[in-house]
Amino acid sequence: MGYTLAEKVWNSHIVRHEDGKPDLLYIDLHLVNEVTSPQAFEGLRLAGRSVRRPDLTIAMEDHNVPTIGIDKPIQDLTSRLQVQTLRENCAAYGIHLFNMGSKDQGIVHVVGPQLGLTQPGMTIVCGDSHTSTHGAFGALAFGIGTSEAEHVLATQTLPLQPFKTMAVNIEGSLASGVTAKDVILALIAQIGTGGGQGYVLEYRGDSIRNMSMEARMTVCNMSVEAGARAGLIAPDAKTIEYLKSKPHAPADEEWQAAAEYWLSLGSDFDAVYDAEVTLDASQITPFVTWGTNPAQAVAINGKVPNPEDFTEDRDRSAAQKSLAYMQLVPGTAMKDIPVDMVFLGSCTNGRIEDLRAAAAVLSGRRIKEGLQMLVVPGSMQVKAQAEEEGLDRIFVEAGAEWRFAGCSMCLGMNPDQVPAGKRCVSTSNRNFEGRQGRGSMTHLVSPPVAAATAVRGYISTPADLHLIK
């Protein structure tokens, strides 16, 4: 019996295996940020321990950072304290920090791949659930808690129970206008937010193979929204080409050996998965969420569902609660829902391809009067590239706000928040109650849909822009 991709990576990192106990895994890369790391560093300090491999630990300021006025002190005192604490901890333990305003700063899940820190076959952890993003490269990447982060800092290992594996087949070709974001929203809508619980998902099939690396990162990013611990895609020629010449990728004589190893990681033909699910790519359309979790989503041409149509009491009750919070009426066409704000960014859709897709829709158009649109690159490198291509001018001329890099409006942990009672269409990954600000209402969409919505003022696709009077 062969091995799956996830099993190959897992087995190659086992430091200790004892029957009946968790495996002890070696961790190749530990990513830390200002939000989840203070307690872990304090635990080290209290125990008198040092960081075992500071050279394998990378720190990033991303969650709390403002996206304007970055040359000024952070106004929110809690955010300022968290950022300052990270800086002090990194200085004390010799950890490289990408601080606010530096050329490579940004959201850690955007920066890691673009610098080549993320590589196939690695184990990667971070105190952030969307660490699953890095699985697009065939890395076993997942979020960890504070006590686990302390363990990794001290030992560069982590005790873990083996995961189950699930094959997710996206077969066939996607229709024009359907994006990676729509694929993952369609999957979550089908299997639910708990459908992947206990599993590592491996995405396969024609549609996945045809996706760019940035699109694959979008898919893997939201694996956690299906309850999965991680999501992976087997390395292929696109993976190799993406990583070639990246600053931290192997170079010279080491490159060929690394590339050959990476390509050997794909699941064996006779590998057995614990579960399998298949989606027909040709049936996927642009998706949009209507409720307060990513599974509460429908095709954008659909309507707000009626809670009474759900067969399970739990689902019926959840729908009723979500609709009350979202202030939506069953039967309302999704395209008839007006919005107040649009957010383009996040570790899900803040890469250069995402910005290009939105700019193509906005070019020569104006966003609806009275609507606020924030465009926040996922990294300073993405920002620089977008400006070199003139994308920033397209956004500004359309009436959008062009910002510095950071997590921004994805979560209400920095100044970029949606006011209470306001409705936002967002390219981020979560639509929980209050996620973007207390009392805010969020609809998750793809970058082209976000741009079209900003122009029309109602949830829209680019094809709907002819409806503007």
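Q: How many strands form the open sheet, and in what order?
A: In this predicted model, the open sheet is formed by 5 strands in the order β5-β4-β3-β6-β7, and their pairing is parallel.

Q: Which are the edge strands?
A: The edges are β5, covering 96–98, and β7, each of which pairs on one side only.

Q: And by how many degrees are neighbouring strands turned against each other on average?
A: Ignoring direction, neighbouring strands of this sheet are turned by 20 degrees against each other on average.

Q: Moving to β6, how many bridges join it to β7?
A: There are 4 bridges between β6 and β7, the latter spanning residues 140–143, and these two strands run parallel; within this pairing, Cys-126 stands opposite Gly-143 of β7.

Q: What about β6 and β3, in which sense do they pair?
A: Strand β3, residues 29–33, pairs with β6 in the parallel sense over 3 bridges, and His-30 has Val-125 in β6 as its bridge partner.

Q: Staying with β6, which residues point which way, and are they buried or exposed?
A: Along β6, which runs over residues 123–126, Thr-123 and Val-125 point one way while Ile-124 and Cys-126 point the other way, and all of them are buried.

Q: Changing topic, over how many bridges do β3 and β4 pair?
A: The pairing of β3 with β4, residues 57–60, extends over 4 bridges in the parallel sense.

Q: Which residue in β4 stands opposite Leu-31?
A: That residue is Ile-58, which lies in β4 and faces Leu-31 across the pairing.

Terms used
Residues numbered from 1 in each chain as written. Predicted model: local features only at pLDDT ≥ 70, side-chain atom pairs only at ≥ 80, totals over all residues. Heavy atoms only, no water. Buried < 20%, exposed > 50% of the residue type's maximum accessible area, 1.4 Å probe, protein only. Pairing = 2+ DSSP bridges. Axes fitted to C-alpha atoms, helices over the stretch in contact; angles between N-to-C directions.
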